[in-house]
Amino acid sequence: MAEGTIGLLLPEAQTARYEASDRPTFVSVVDRRCPGCTVLYANAGQDAAAQLQQAESMLAQGADVLVLDAVDTVAAVGIAVQAKRLGAQVIAYDRFVDGADYYVSYDYEFIGFLLGSALVGAVKERVDERAEERADDGSDGSDDGRPGVLLVHGSATEPNALAIAAGTRRALEGEDIDVLAEHYTPDWSPDKATEWTEAMLTRYPGQVDGILAANDGMAGGAIAAAKAAGLDPVPVTTGQDGELAAVQRIIAGDQYMTVYKATDQQAQTAAELAVRVLRGEDPRASVVIEGVPTMLLAPRAVAAADVRHVIVDGRVYSTEQICVPAYEAACERAGLIGQEES
């Protein structure tokens, strides 16, 4: 028996999580919780106008609930208005949308604070190690100056990027570290992050001790730029999303850490909430943000020492997925494979 229609609107496909985790988890949970429900899906490819058309199409097809991860949260207000006019409800997913009925996400300012705190600790440790090496070589052990970092933020038009940047600045406030330059990266593009980092490494030769990248895709771009510049080791680099490639870079020692968000848990929460709302229930939220009932999930900082416990034991990725031939030696050094299997 048909129960209703749920629309899932995702913003882009450059970030691996959306097609690899969010979409399949959401669809499978709705199928399981509500076999009589129909799920409509669309990815906007980072085009706000296209997302508006996709939402209008879903509403025209009778969508009762829209789960909306907005390309542009200002433009997405129009989607919420149209949905309300037609009697449909909107669950803002990952990014806050004014006028939504519910919101499911993470505390992005706290994510920024985790990134900044990790960067500060690792940069200080690396600078101390260099000072010790100089002392061993017979020099006075003093450094040439304050350590310097680059901040590679997400898109300036995206509230989560702004929240991450705010948390980052809170973590860096009062620390003996210079922010050499910072950049808001259009579309969170790894290629654009690479280009900007290349330019900054040229502008500040020998001065970049750390790079705070606001997600793993941009972290990969920044690391590529550092390697192309011949830096070995590369500057301490952070990321966010817990992508498989990032976990492999962490094991290899190229990326310092990532912030893992259980996107399957987020998609599951949104799917279960959508089904309950569709059935006329009034789910209780954990917090209210700007008048919108909100369910916030907890992120985890993941460095090399955390990969087994958080990623492998948490069944995010298996050792077989992580430890492909190019990373076998790194995995053995990290204790993920080898000794335990022998």
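Predicted model: local features only at pLDDT ≥ 70, side-chain atom pairs only at ≥ 80, totals over all residues.
Two strands are said to pair if DSSP finds at least two bridges between them.

I shall begin with strand E4, residues 89–93. Which strands does E4 pair with? One partner is strand E3, residues 65–68, and the two run in the parallel sense over 4 bridges. In this pairing, Leu68 is placed opposite Ala92 of E4. Another partner is strand E5, residues 102–106, again in the parallel sense, here over 3 bridges. There, Tyr93 faces Val104, a residue of E5.

Is E4 mostly covered or mostly open? Of its 5 residues, 4 are buried, and the strand is mostly covered.

In what order do its strands lie? The sheet has 4 strands, arranged E7-E6-E8-E9, and their pairing is parallel. At the edges we find E7, residues 178–184, and E9, residues 236–237, each of which pairs on one side only. Strand E8, residues 208–213, is joined to E9 by 2 bridges, and these strands run parallel. Within that pair, Ile211 stands opposite Thr237 of E9.

Helix H5, residues 159–172, lies across E6 (148–153), E7 and E8, and runs at about 175 degrees to E7. Helix H6, residues 190–203, packs on the sheet as well, where it touches E6, E7 and E8. The direction of H6 makes about 160 degrees with that of E6.

I come now to the nonpolar cores. As a general point, nonpolar side chains in soluble globular proteins tend to be buried together. In this model, the largest nonpolar core has 60 residues. Which residues have the most contacts inside it? They are Leu150, Val307, Ile311, Ile322 and Leu336. The element that gives the most to this core is helix H4, residues 108–136, with 10 residues. Apart from this core lies another, of 24 residues, including Leu8, Cys37, Val104 and Ala271.

Finally, let us look at Leu150 in detail. Leaving aside residues up to four places away in sequence, Leu150 touches several residues, among them Leu180, Trp196, Met200, Val208 and Ile211. Thank you for your attention.

Notes: Residues numbered from 1 in each chain as written. Heavy atoms only, no water. Buried < 20%, exposed > 50% of the residue type's maximum accessible area, 1.4 Å probe, protein only. Core = buried A, V, L, I, M, F, W, Y, C linked by side-chain atoms within 4.5 Å. Contact = heavy atoms within 4.5 Å. Axes fitted to C-alpha atoms, helices over the stretch in contact; angles between N-to-C directions.
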